[in-house]
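Subject: Structure handover

Hi,

Here is the structure for you to look over. My notes on what turned up follow below.

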Amino acid sequence: MSYGSKLREMRKKLGMTLEDISQKTGFTKSFISQIENGKNSPSISSLKKICYALGTTISELFEDERNIVHTFDKKDYKVLKNKTMSITFFANKMINRKMEPLLIEIDPYSETGTDFYRHTGEEFGYVFEGTMTVVIGNEEHVLSEGDAIYFSSNLPHKLKNKTDRMTRAFWVGTPPSF
């Protein structure tokens, strides 16, 4: 399948019109249609804008569509530690992955940092030990064992453990931001 056909398929799956993509990119509907139909070859910069409007990347556009299965064991994990927390990266050896599965462990009365994080994508977290406070903007969401959260990661956010017990959570971010 050509990349133009893939772009059209993605656009239609998202329920977007040529006009929608035109408004997000500043390109004419005619230009976008020509690309989708293989009658025009865009510059890398133009292709990047169109992909961004569709929530994808150029590399994903050209990615092989075969089914892939990867397994990992402890020796594959990468652990980043500081004084008050650790993050275990489960799939760090995978190239072109679409999500970042993590184990986040925060010591009592600690947090991910004083600054808020903000990046493109979405995050999902599931607390399986302790209590975690997820601060999104000015709102605090307190999650106990068995609770989960899903949010747009373009919102300013950080994680806190306001208790006297260790907090552990399984976290997934997409696209990978580490």
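Lysine 29 is partly exposed, because its relative accessibility is 43%. This is a predicted model, so please read everything here as computed from a prediction. Lysine 29 forms a salt bridge with glutamate 19, and the closest N and O atoms are 3.6 Å apart. Glutamate 19 sits in helix α2 and lysine 29 in helix α3, so the bridge ties together parts that are ten residues apart in sequence. Glutamate 19 is also partly exposed, at a relative accessible area of 32%. As background, side chains of opposite charge can pair when their charged atoms come close.

Other salt bridges

How many salt bridges does a search of the whole structure find? The count is ten. Two others are worth a look.

Start with lysine 158 and glutamate 111. Their side chains meet in a salt bridge, at 3.3 Å from N to O. This pair links distant parts of the chain. Lysine 158 is in strand β9 (residues 157-161), glutamate 111 is in strand β4 (residues 110-111), and they are 47 residues apart. Is lysine 158 buried or exposed? Its relative accessibility is 10%, so lysine 158 counts as buried; the cut-off for buried is under 20%. Glutamate 111 has 27% and therefore counts as partly exposed.

Next, lysine 75 and aspartate 73. They form a salt bridge with the closest N and O atoms 3.5 Å apart. Lysine 75 is exposed, at 66% relative accessibility. Aspartate 73 is partly exposed, at 38%. The pair belongs to a salt-bridge network that links Asp73, Lys75 and Asp76.

Helix α4

Helix α4 covers residues 44-53. Its buried residues are Ser46, Leu47, Ile50, Cys51 and Ala53. They span an arc of only 160 degrees around the axis, so they lie on the same side of α4.

Which residues are exposed on the face turned away from the buried side of α4? They are Ile44, Ser45, Lys48 and Tyr52.

The buried residues of α4 pack against four other helices: α1 (3-13), α2 (18-25), α3 (29-36) and α5 (58-61). Serine 46 is one of the residues of α4. At 12% relative accessibility, serine 46 counts as buried. Leaving out residues up to four places away in sequence, serine 46 touches Phe27 and Phe31. After α4 comes glycine 55, with a positive phi near 75 degrees.

Nonpolar cores

The largest nonpolar core has 16 residues. Ile104, Met132, Val134, Ile149, Leu159 and Trp171 have the most contacts inside it. At least two residues of this core come from each of β2, β3 (100-106), β6 (132-136), β8 (148-152) and β10 (167-174).

What does isoleucine 149 contact, leaving aside its neighbours within four places in sequence? The list is Glu123, Phe124, Gly125, Val134, Ile136, His141, Leu143 and Trp171.

Serine 86 is in strand β2 (residues 85-89). Serine 86 counts as buried, because its relative accessibility is 7%. Not counting residues up to four places away in sequence, serine 86 touches Val79, Leu80, Lys81, Leu103, Ile104 and Glu105. Ile104 is also one of the residues with the most contacts inside the largest core.

Nonpolar surface patch

Now to the outside. Phe124, Tyr126, Phe128, Tyr150 and Phe170 form a nonpolar patch on the surface. Together they have about 480 Å² of accessible area. Which strand gives the largest share of the patch? Strand β5 (residues 122-129) does, with three residues. Tyrosine 126 is in strand β5. Its relative accessibility is 34%, so tyrosine 126 counts as partly exposed.

Best wishes

Conventions. Residues numbered from 1 in each chain as written. Predicted model: local features only at pLDDT ≥ 70, side-chain atom pairs only at ≥ 80, totals over all residues. Heavy atoms only, no water. Buried < 20%, exposed > 50% of the residue type's maximum accessible area, 1.4 Å probe, protein only. Arc of directions from axis to C-beta. Contact = heavy atoms within 4.5 Å. Patch = residues over 30% accessible without salt bridge, like charges linked within 9 Å, V, L, I, M, F, W, Y side chains within 5 Å. Areas by Shrake-Rupley, 256 points an atom, 1.4 Å probe, with all protein chains shown as cover. Salt bridge = Lys/Arg side-chain N within 4 Å of Asp/Glu carboxyl O. Core = buried A, V, L, I, M, F, W, Y, C linked by side-chain atoms within 4.5 Å.
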